[in-house]
Amino acid sequence: MNEHLNYLYNWFSDTNCYSQFPNLQFPQQVIFTVTRELHQLSQDIYQTDTFYSKEFVRLKDRLFIPSGIHPAIFGMIFGYIKSLYEKQHQPFNNIWNYIHPKIQEVSKGQYLAGFYADAAENAFKEINARTKRIYANACPNTPIPDGVAAMTRVYSSNSPIVEFCDRQTESGQNIQLGFMKMAEGAMIALRNPVAHENLNMSQDDAMRQLMFASMIMYKIDEGVIHSGITEQE
């Protein structure tokens with residue numbers, strides 16, 4: 001969860017329960033903190049929720065008035081906050097069930113904190129790391145390939161270390177080749193979003209990449225079982 005959104009959701013929820021609302025007097029430090037958090041949240045969501053971002057900028061300096069809190073402004077902002085909170089919070093009840101445990105381990109925390117490019121990068125780095133470990137276990141005392149080279153060697157369509165199905169059939173050959181190409185493409189296009197100027201990755205795009213990384217990771221699970229490989233962490 002975005003830390004600024006989480007703070008604001010809790011503050012607005014608590015404030016809304018006070019019996020003195022809206023005639024509440026807050027210390028200047030609280031006013032400064034809430035206003036700053038609204039500004040920061042506005043910046044965080046500008047790429048993904050432009051409307052809410054602009055509304056927070058428009059309303060943040062009108063929330064506090066000499067007599068306490070402007071009730072209409074409070075209601076508008078709180079409504080926006082709740083909508084964003086539910087959008088970012090509720091889907092996690094189900095969507096993470098489809099994300100591979102190894103991907104969750106390295107990416108979920110970053111994703112929930114709003115660091116979407118980092119979450120995606122971590123996912124594909126974990127695929128690379130797992131593939132390199134498989135190679136190291138299968139071919140000890142040899143140089144360990146990285147990135148594309150690791151994918152094309154470990155999941156090779158000709159002499160793979162990890163075989164996904166019976167390659168004696170044309171269908172099996174196509175499956176092996178297709179997966180190798182997917183893993184290879186992931187290393188080229190997705191492993192390093194910084195290199196591809198993808199620093200402002202949206203929440204939705206990051207989740208799509210995590211799901212793609214999970215598909216690859218689950219396929220590796222299948223291949224490891226099919227090939228009778230014992231993995232060492």
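Buried here means under 20% relative accessible area, exposed means over 50%, and partly exposed is whatever falls in between (1.4 Å probe, protein chains only). N141 sits in the loop between α6 (116-138) and α7 (148-154), and has a positive phi of about 65° although it is not a glycine. Helices such as these are DSSP runs (H or I, at least four residues), numbered from the N terminus.

A word on the model itself. This is a predicted model, in which local features need pLDDT of at least 70 and side-chain atom pairs count only at pLDDT 80 or more, while totals for chains, interfaces and linings use all residues. Residues are numbered from 1 along each chain as its sequence is written, and side-chain values use heavy atoms, with hydrogens and water left out.

α9 covers residues 203-227, and its 25 residues should span 36 Å at 1.5 Å a residue; the end C-alpha atoms are 36 Å apart, so the two figures agree. (The expected span is 1.5 Å times one less than the number of residues.) The buried residues of α9 are Q203, A206, M207, Q209, L210, A213, S214, I216, M217, I220, G223 and V224. Of these, Q209 counts as buried because its relative accessibility is 8%. Just after α9, G228 takes a positive phi of about 70°.

Two packed helices are described by the angle between their axes and the distance between the axes. Here axes are lines fitted to C-alpha atoms, for helices over the stretch in contact, and angles run from 0 to 180 degrees between N-to-C directions. Angles under 35 degrees count as roughly parallel, over 145 as roughly antiparallel, 65 to 115 as roughly perpendicular and the rest as oblique. As for handedness, a crossing is left-handed if the near helix is turned anticlockwise from the far one by less than a right angle, and right-handed if clockwise.

The axes of α6 and α9 come within 8 Å and cross at roughly 15°, which means α6 is roughly parallel to α9. The crossing of α6 past α9 is left-handed. Contact, taken as heavy atoms within 4.5 Å, involves Y116, A119, A120, A123, F124, E126, I127, R130, T131 and I134 on the α6 side, and Q203, A206, Q209, L210, F212, A213, I216, M217, I220, D221 and V224 on the α9 side. Sorted by class, the residues of this contact are 15 nonpolar, 3 polar and 3 charged. For the sorting, Ala, Val, Leu, Ile, Met, Phe, Trp, Tyr, Cys and Pro count as nonpolar, Asp, Glu, Lys and Arg as charged, and the others, Gly among them, as polar.

Helix α8 (residues 170-189) also packs on α9, at an angle of about 135° and with the axes 11 Å apart. That angle makes α8 oblique to α9, and their crossing is left-handed. I175, F179, M182, A183 and A186 of α8 meet F212, M215, I216, K219 and I220 of α9. This contact has 9 nonpolar, no polar and 1 charged residues.

Elsewhere in the chain, the axes of α2 (residues 28-44) and α3 (residues 50-59) come within 8 Å and cross at roughly 155°, so α2 is roughly antiparallel to α3. α2 passes α3 in a left-handed crossing. L38, L41 and S42 of α2 and S53, F56 and V57 of α3 make the contact, which by class has 4 nonpolar, 2 polar and no charged residues. In the loop between α1 (3-16) and α2 sits P22, and the peptide bond from F21 to P22 is cis, with omega near 5°.

Two leucines round out the picture. L59, found in helix α3, counts as buried at 0% relative accessibility. Leaving aside neighbours within four places in sequence, L59 is in contact with I73, M76, I77 and Y80. L84 belongs to helix α4 (residues 71-89) and, at 1% relative accessibility, counts as buried. With neighbours within four places in sequence again left out, L84 is in contact with L5, I45, D49, Y52 and F56. The C-alpha atoms of L84 and Y52 are separated by 8.5 Å, although the two are 32 residues apart along the chain.
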